[in-house]
Amino acid sequence: MSLKERITEDMKAAMRAKDSERLGTIRMITAAIKQREVDERIQLDDTQVLAVLEKMIKQRKESIAQFSSGGREDLVAKENKEIELLQTYMPAQLSEAELDALVADAVAKSGATSIKEMGKAMALLKQSAQGRADMGVVSAKLKAKLGG
């Protein structure tokens with residue numbers, strides 16, 4: 001079952017269970033997926049759906065920072081619940097050791113030796129770590145490995 005199908009089935013289950021919070025968040029996910037499909041005139045595969053979910057999680061984290069500074073704990077709690085639901089569709093996150101191994105492997109395969117060649121290794125890492133790690137953290141690890 002593809003990720004889009006799983007999301008659709010979960011939406012139906014939330015409708016049957018009359019779980020309005022879960023249903024609202026799942027509808028938001030399907031709307032974001034549909035929007036991207038319409039904008040780009042393509043059918044999204046699982047990797048592209050993961051990219052949409054990652055973007056949504058990132059947006060929620062940014063909102064939490066804003067709401068926290070504004071003292072809106074009710075909205076912080078709502079955003080946290082949405083993040084929890086979004087993360088149920090994400091693959092298992094990589095551990096530090098696995099991430100370090102991926103970075104070392106990407107550097108070896110790409111032949112990158114300096115920060116100027118970071119893009120080569122990052123392209124490889126993007127394929128293998130997409131959805132399984134925060135790409136900001138991956139980039140920082142790669143930069144440190146290349147001496148930046």
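The dialogue below takes up a helix, a side chain and a pocket in turn.

A: Please keep in mind from the start that this is a predicted model.

Q: What span should helix α6 have, and what span does it have in the model?

A: A helix is expected to span 1.5 Å times one less than its number of residues. For the 12 residues of α6 (residues 118–129) this gives 16 Å, and the end C-alpha atoms are 16 Å apart, which agrees.

Q: Which residues of α6 are buried?

A: A residue is called buried when its relative accessible area is under 20%. In α6 these are Met118, Ala121, Met122, Leu125 and Ala129. Seen down the axis of α6, the buried residues fall within an arc of 100°, so they line one face of the helix. What covers them includes α5 (96–110) and α7 (135–145).

Q: Is Glu82 buried or exposed?

A: Glu82, which is found in helix α4 (residues 73–87), has a relative accessibility of 6% and therefore counts as buried, the cut-off being under 20%.

Q: With which side chain does the side chain of Glu82 make a polar contact?

A: The partner is the side chain of Arg60, at 2.6 Å. Leaving aside neighbours within four places in sequence, Glu82 is in contact with Thr25, Met28 and Arg60.

Q: What volume does the largest pocket have, and which helix gives the most to its lining?

A: The volume of the largest pocket is about 440 Å³. Of the 16 residues that line this pocket, the closest to its centre are Glu54, Ile57, Lys61, Ala133 and Asp134. Helix α3 gives the most to the lining, with 5 residues.

Definitions and conventions: Residues are numbered from 1 along each chain as its sequence is written. This is a predicted model: local features need pLDDT of at least 70, side-chain atom pairs count only at pLDDT 80 or more; totals for chains, interfaces and linings use all residues. Side-chain values use heavy atoms; hydrogens and water are left out. Helices (H or I, at least four residues) and strands (E, at least two) are DSSP runs, numbered from the N terminus. Buried means under 20% relative accessible area, exposed over 50%, partly exposed in between (1.4 Å probe, protein chains only). The arc is that of the directions from the helix axis to the C-beta atoms. Contact means heavy atoms within 4.5 Å. A polar contact is a pair of N or O atoms within 3.5 Å; within protein, one must be able to donate a hydrogen and the other to accept it, and residues adjacent in sequence count only if both atoms are side-chain atoms. On a 1 Å grid over the protein atoms alone, a cavity is a set of points where a 1.4 Å probe fits but cannot get out, and a pocket is an open set with protein on both sides within 12 Å along at least five of seven lines; lining residues have an atom within 4 Å of a point. Grid points are joined across faces, edges and corners, and a volume is the space filled by probe spheres set on the points.
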